[in-house]
Amino acid sequence: MRLDIVSLFPSICAGALGESIIGRAWHKGLVEINLVDLRDFTHDARRTVDDSPYGGGAGMVLRPEPLFECLSSLTGPESRVVLLCPQGQPFTQGIARRYACLAHLILVCGHYEGVDERARQCLMHEELSLGDYVLTNGALAASVVADAVIRLLPGVLGSADSSQEESFSQGDLLEYPQYTRPVDFRGMGVPAVLLSGDHQRIAQWRAEQRWLRTLSRRPDLLQQHFDTQDNGDDNEHD
């Protein structure tokens with residue numbers, strides 16, 4: 001996969017993505033990451049990328065000229081251009097899996113009060129948000145999305161099973177509790193079933209724990225799960 005991140009602060013992304021598992025994947029060539037400074041596509045001495053909004057209001061807006069020039073130099077037939085902004089659809093593990101199947105993903109970082117609407121309409125395939133809050137710039141959001149996507153690429157994680165048994169990997173359920181050594185720590189023990197060596201019982205316990213943990217922490221996910229099943233049943237009867 002080729003991943004381009006367009007930002008005014010590419011060093012933020014470089015720091016976040018250059019470490020640990022993602023950094024090793026980048027170094028090994030399992031993913032091609034290009035950090036693009038939007039200011040490189042300006043043509044004035046001050047490298048101006050923003051201006052005040054028409055109609056008045058606080059803050060500055062990214063101008064369309066550098067965005068059009070930048071993205072026209074990056075996009076090809078297989079490119080998917082995604083704008084990181086608070087107005088986008090919420091980012092989910094399902095979206096991360098979809099992006100991991102792409103040959104070329106371009107993440108455009110929103111900054112200030114956003115981007116000129118003409119650039120939004122003409123250049124972006126979709127818009128993405130990490131949640132219902134606002135960051136000072138989109139570089140942090142792009143780094144989060146990039147991490148979630150890259151870790152799903154073949155060979156990035158040490159074990160292919162690592163991404164299959166975690167939260168959101170199987171439907172909408174959270175991951176089961178995990179334990180490691182010692183067996184007894186300050187009077188707190190490990191569930192006996194995990195020490196039994198009975199893989200069938202362990203699998204059953206983990207499945208039950210996923211439901212219980214989701215019910216106690218994220219009951220909204222269970223509602224989504226049942227709604228999806230109901231919709232599927234309705235489609236079968238159509």
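**Cysteines, sheet and helices**

Author: By the rule that a disulfide is a pair of cysteine sulfur atoms within 2.5 Å, the count comes to zero disulfides. This is a predicted model, in which local features need pLDDT of at least 70 and side-chain atom pairs count only at pLDDT 80 or more, while totals for chains, interfaces and linings use all residues. Residues are numbered from 1 along each chain as its sequence is written, and side-chain values use heavy atoms, with hydrogens and water left out.

Reader: What does the secondary structure of the protein come to?

Author: Helices (H or I, at least four residues) and strands (E, at least two) are DSSP runs, numbered from the N terminus. On that reading the protein has eight helices and nine strands, and buried residues make up 39% of its 238 residues.

Reader: In what order do the strands of the open sheet lie?

Author: The general idea is that strands of a sheet pair through backbone hydrogen bonds, either parallel or antiparallel. Two strands are said to pair if DSSP finds at least two bridges between them. In this model five strands form an open sheet in the order β2-β1-β6-β5-β7, with parallel pairing. Its edge strands, β2 (32-37) and β7 (126-129), each pair on one side only. Averaged over the sheet and with direction ignored, neighbouring strands are turned by 30 degrees against each other.

Reader: How many bridges join β1 to β6, and how many link β5 and β6?

Author: Strand β1 (residues 2-7) runs parallel to β6 and is joined to it by five bridges; D4 stands opposite I106, and V6 stands opposite V108. Strand β5 (residues 79-90) pairs with β6 in the parallel sense over six bridges, and L84 has C109 as its bridge partner in β6.

Reader: Are the faces of β6 covered or exposed?

Author: In a regular strand the side chains alternate between the two faces of the sheet. Both faces of β6 are covered, with H104, I106 and V108 buried on one side and L105, L107 and C109 buried on the other. Since six of the six residues of β6 (residues 104-109) are buried, the strand is largely enclosed by the rest of the structure.

Reader: What handedness does the β-α-β unit of β5, α4 and β6 have?

Author: A crossover is right-handed if, with the strands pointing away from the viewer, the path from the first strand over the helix to the second runs clockwise. The unit made by β5, helix α4 (residues 93-100) and β6 is right-handed.

Reader: Which residues of α2 are buried, and which are exposed?

Author: I22, G23 and A25 are buried in helix α2 (residues 20-28). Seen down the axis of α2, the buried residues fall within an arc of 160 degrees, so they line one face of the helix; the arc is that of the directions from the helix axis to the C-beta atoms. H27 and K28, on the other side of α2, are exposed. Contact means heavy atoms within 4.5 Å, and what covers the buried residues of α2 includes α1 (10-17) and α6 (139-150).

Reader: Which residues does L67 touch?

Author: L67 is found in helix α3 (residues 64-74) and, at 1% relative accessibility, counts as buried. Leaving aside residues up to four places away in sequence, L67 touches L38, L62, V108, V115, A119 and L123. The C-alpha atoms of L67 and V108 are separated by 9.0 Å, although these residues are 41 residues apart along the chain.

Reader: Where does Y112 lie, and between which elements?

Author: Y112 has its place in the loop between β6 and α5 (117-123). Its phi is near 55 degrees, a positive value in a residue other than glycine, and at 39% relative accessibility Y112 counts as partly exposed.

Conventions: Buried means under 20% relative accessible area, exposed over 50%, partly exposed in between (1.4 Å probe, protein chains only). Axes are lines fitted to C-alpha atoms, for helices over the stretch in contact, and angles run from 0 to 180 degrees between N-to-C directions.
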